[in-house]
Amino acid sequence: MATPSDNAPSTYAAPTIDWVKKHVELYESSGGKEGTTLPNTDMPCILVTHQGNKSGATRKIPLMRVKVGNAYVLVGSMGGQPKNPVWVYNLRANPQVEIRDATEVHKMKVREVEDASERAQLWKTCVEVFPNYAEYQIKTSRTIPVFVAEPA
């Protein structure tokens, strides 16, 4: 039986939240020409393709587009919910990702930002791009995880 580390092709596991599933489908089926913004807004999104840490399945999640140089900042806010989104654990276990930014697709490697100074600077940028992040942090007692995706 193949394991995720065998580089065997994995199956795709679509998002379970209906609006997220539809957003991913629109983004992917249009080749990145549609679905590139948060639904009903003009705020740009990217698609992050990653591997499930338990299932090994391919997962896709739309996230707010926060770009710093040639890197992307990924914020595990989940709207300020008390728990981290599952994709946070997936990235911690499997840092190789693919990011679709509209029609461009990039192979990248993520790292969780642990340095307080770097995190504070990136958090400020994230809040400038998507002000709701500040509200989400106030709503939750957890520290919202921040990752940087850099060219692999």
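Helices (H or I, at least four residues) and strands (E, at least two) are DSSP runs, numbered from the N terminus. With that convention in place, I shall present the structure shown above. It is a predicted model, in which local features need pLDDT of at least 70 and side-chain atom pairs count only at pLDDT 80 or more, while totals for chains, interfaces and linings use all residues. Residues are numbered from 1 along each chain as its sequence is written, and side-chain values use heavy atoms, with hydrogens and water left out.

I begin with the sheet. Seven strands make up an open sheet, in the order β2-β1-β5-β6-β7-β4-β3, with antiparallel pairing. Which strands stand at the edges? They are β2 and β3 (67-68), and each has a single partner strand, so one side of each is left without a neighbour in the sheet. Two strands are said to pair if DSSP finds at least two bridges between them. In general, strands of a sheet pair through backbone hydrogen bonds, either parallel or antiparallel.

Let us look at β5, residues 96-101, and its partners. Strand β1, residues 45-51, runs antiparallel to β5 and is joined to it by three bridges. Here Leu-47 is placed opposite Arg-100 of β5. Towards β6, residues 104-112, the pairing is again antiparallel, with six bridges. Ile-99 faces His-106 of β6, and Glu-98 stands opposite Lys-107 of that strand. The hairpin of β5 and β6 has two residues between the strands, and Ala-102 there takes a positive phi near 60°.

Most residues other than glycine have a negative phi, and most peptide bonds are trans. Asn-40 has a positive phi, near 65°, and belongs to the loop between α1 and β1. Is Asn-40 buried or exposed? Its relative accessibility is 85%, so Asn-40 counts as exposed. The classes are these: buried means under 20% relative accessible area, exposed over 50%, and partly exposed in between, with a 1.4 Å probe and protein chains only. Met-78, with phi near 50°, sits in the loop between β4 (71-75) and α2. Met-78 counts as partly exposed because its relative accessibility is 42%.

I turn now to the pockets. They are found on a 1 Å grid over the protein atoms alone: a cavity is a set of points where a 1.4 Å probe fits but cannot get out, and a pocket is an open set with protein on both sides within 12 Å along at least five of seven lines; lining residues have an atom within 4 Å of a point. Grid points are joined across faces, edges and corners, and a volume is the space filled by probe spheres set on the points.

The largest pocket holds about 850 Å³ of space. Its lining consists of 30 residues, and those nearest the centre are Ile-17, Val-20, Ile-61, Pro-85 and Trp-87. At least two lining residues come from each of α1 (18-29), β1, β2 (58-64), α2 (86-93) and α4 (132-139). Which element supplies the largest share of this lining? It is β2, with six residues. By class, 21 of the lining residues are nonpolar, seven are polar and two are charged. In this count, Ala, Val, Leu, Ile, Met, Phe, Trp, Tyr, Cys and Pro are nonpolar, Asp, Glu, Lys and Arg are charged, and the others, Gly among them, are polar.

The second largest pocket has a volume of about 270 Å³. It is lined by 14 residues, with Thr-49, His-50, Gln-51, Gln-96 and Val-97 closest to its centre. Two or more lining residues are given by each of β1, β5 and β6. This lining divides into five nonpolar, seven polar and two charged residues.

Two individual residues follow. His-23 is in helix α1 and is buried, at 5% relative accessibility. Beyond its neighbours within four places in sequence, His-23 has contacts (heavy atoms within 4.5 Å) that include Gly-35, Cys-45 and Pro-62. Thr-143 lies in the loop between α4 and β7 (146-151) and is exposed, with a relative accessible area of 60%. With neighbours within four places in sequence left aside, Thr-143 is in contact with Arg-119 and Gln-137. The C-alpha atoms of Thr-143 and Pro-82 are separated by 9.8 Å, although the two residues are 61 apart along the chain.
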